[in-house]
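I opened this notebook to record what I looked up about charged side-chain pairs. The entries follow below.

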Amino acid sequence: MTSLAEAEAHMARLKSKARDAFVAKDWAAARALYTECLEIHPSAALFSNRAACFVELRLYKEALADADLALERDPTFAKAQFRRGRAYEGLNMLGDALAWDPKRDDEHRDAAERARGTGMR
């Protein structure tokens with residue numbers, strides 16, 4: 001059995017490797033490393049980062065699922081909101097990208113209605 005300090009050090013190494021892969025735009029490696037991190041400690045930031053990898057890999061359904069999981073953990077997490085929007089965009093669901101946030105202002109609400117009226121999804 002590993003100590004807490006060893007587990008934290010292992011997690012820090014995984015996150016560092018994932019971040020390095022992300023910066024290097026090695027999306028598949030970053031996705032795999034973020035997946036390992038999530039198995040140890042699921043967090044909004046890790047789900048959001050993996051969502052970004054999925055977007056870059058054009059795996060938009062997976063990106064949307066991870067962005068949703070990030071937002072369940074932290075509904076105010078702006079990066080997760082942005083990545084959710086990118087996933088909707090990739091899925092050609094632009095009306096949903098505009099409409100998902102119930103706190104949006106009137107301008108966004110009107111834009112979402114116009115998008116729905118034109119058949120944008």
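Which side chain meets that of Arg-84 in a salt bridge? I found that the partner is Asp-68, at 2.7 Å from N to O. Arg-84 lies in helix H5 and Asp-68 in helix H4, so this pair ties together parts that are 16 residues apart in sequence. I note that the model is a predicted one.

I then looked up the accessibility of both partners. Arg-84 has 14% relative accessibility and counts as buried, because the cut-off for buried is under 20%. Asp-68, at 25%, is partly exposed.

Next I asked how many salt bridges a search of the whole structure finds. The search gives three.

I turned to Arg-50, whose side chain forms a salt bridge with that of Asp-66 at 2.5 Å, N to O. I recorded both partners as buried, Arg-50 at 13% relative accessibility and Asp-66 with a relative accessible area of 3%.

My last entry concerns Arg-86 and Glu-56, which form a salt bridge with their closest N and O atoms 3.8 Å apart. Here Arg-86 sits in helix H5, residues 78-90, and Glu-56 in helix H3, and the two are 30 residues apart.

Technical notes. Residues are numbered from 1 along each chain as its sequence is written. This is a predicted model: local features need pLDDT of at least 70, side-chain atom pairs count only at pLDDT 80 or more; totals for chains, interfaces and linings use all residues. Side-chain values use heavy atoms; hydrogens and water are left out. A salt bridge is a side-chain nitrogen of Lys or Arg within 4 Å of a carboxyl oxygen of Asp or Glu. Buried means under 20% relative accessible area, exposed over 50%, partly exposed in between (1.4 Å probe, protein chains only). Helices (H or I, at least four residues) and strands (E, at least two) are DSSP runs, numbered from the N terminus.
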